[in-house]
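Please look over the sequence and the structure shown here.

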Amino acid sequence: MNRKNDHLLLARQSTALHNSFDDMIINHHASIPKYNLDEINITTCICGFELATPFFINAITGGSEYAKQINQKLANIAEKCQIAMATGSFSPALKNSEYVDDFLYIHNKSILSMTNIGADKSFFAMQQAISYTNADILQIHLNTLQELLMYEGDHNFNEWSNNITSAITELNIPIIVKEVGFGMSKNTIHSLIDLGVKTIDISGKGGTNFAYIENSRSNNPIEYLNNWGISTVNSLLNSIPYQSQCDFIASGGVRNALDIVKCFILGAKAVGISQTFLNWVVEYEEHVVVEKIEQLKLEIKKIMCLLNCKCLSELRNIDYYLINDTLHYHQQITEK
Ligand SMILES: Cc1cc2nc3c(=O)[nH]c(=O)nc-3n(C[C@H](O)[C@H](O)[C@H](O)COP(=O)(O)O)c2cc1C
């Protein structure tokens, strides 16, 4: 079977054992509300682009007939809802030009679009992805554990840092460096900032689980690694000391408007969603997904109203407490 079809199928089964957003409890503030619902503003900014909606469709797919159908449906929805969208890794199209079309549909829509490629790919490959797609932003993904578990994975890692540095210094569009659902430590964040990265998607554990996905495809699975990674909330907590030097995007296990609001409380500038949107496009017709996304926008505003916050940046002042694993991690992990 095609690898991209495997991923689409298995991603929908890869439910995380635990979602860290459930370990973060927000204090209630609006017994005396300050704002009317229609005064609440949910615009944000990433990589110099203004986003009318603070969440976007994060990298999912491309590279098979089924992937193409999913991308077309997602792109139509993104345009109707005016939300930004990233496609999955462009590398299948670099290997086989018959897949180029799977990726182009989105880039011809009037929305902010991102193309995606692995940090293992050369500067030349990154340039090609941009020139084929004309994307506004390049996402470069870090997926070490996935490569190590994948039977067809690439196990050469020592060019990754150079590839990222070349992209940042030589390419003329903004770069986002992202994880794929294993989260980021302070050390990783520090190293990326040293390489010159200005926007990081911490993509934490809690949603799509690529250890589970690749172990399910492998004849030699290492299943005890299925719970590897740093949760989304803990990755965002790790990002806080660096938020004056770099913009952070949150992704990994985002299910609803409350999870999105929690990301902004922890300092995220935007939120990426893959698994939840993949489930919706597979299960529902396009117009239903459009309604669900409009409802998501409204619910973010309602929660902000409840917290007396007129704009997303005011969410940074909201107090919260942590419980369970998230609290233990926060208390015990000390890194430079
Ligand atoms: C089917 C599927 C394929 C994915 N492929 C890519 C990819 O090609 N490149 C990438 O950077 N991330 C990829 N991701 C990872 C997501 O962009 C995101 O970082 C991760 O799934 C965590 O978010 P979620 O829990 O909302 O799914 C993929 C996710 C899914 C569900």
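Among contacts in the protein chain between residues at least 6 apart in sequence, 76% link residues that are at least 24 apart. The model is predicted, and its protein chain has 336 residues, 46% of which count as buried.

**Overall form**
- The protein chain contains 14 helices and 12 strands.
- Its radius of gyration is 19 Å, close to the 20 Å that the globule rule gives for 336 residues, so the protein chain is as compact as a globular protein of that length.
- Taken along the principal axes, the box filled by the C-alpha atoms of the protein chain is roughly 60 × 45 × 40 Å.

**Confidence**
- The average pLDDT of the protein chain is 95, and 99% of the residues score at least 70.
- Among the elements of the protein chain, strand 9 (residues 199-201) has the highest mean pLDDT, at 99.
- The lowest mean pLDDT among these elements, 86, belongs to helix 4 (residues 100-107).
- Where pLDDT is low, predicted coordinates should not be read in detail.

Note on methods:
Residues are numbered from 1 along each chain as its sequence is written. This is a predicted model: local features need pLDDT of at least 70, side-chain atom pairs count only at pLDDT 80 or more; totals for chains, interfaces and linings use all residues. pLDDT is the predictor's confidence in each residue, from 0 to 100. Helices (H or I, at least four residues) and strands (E, at least two) are DSSP runs, numbered from the N terminus. The radius of gyration is taken over C-alpha atoms; the globule rule is 2.2 Å times the number of residues to the power 0.38. A residue is buried if 20 or more other C-beta atoms lie within 10 Å of its own, exposed if 12 or fewer, and partly exposed in between; C-beta atoms are placed from the backbone. Two residues are in contact if their C-beta atoms, placed from the backbone, lie within 7 Å.
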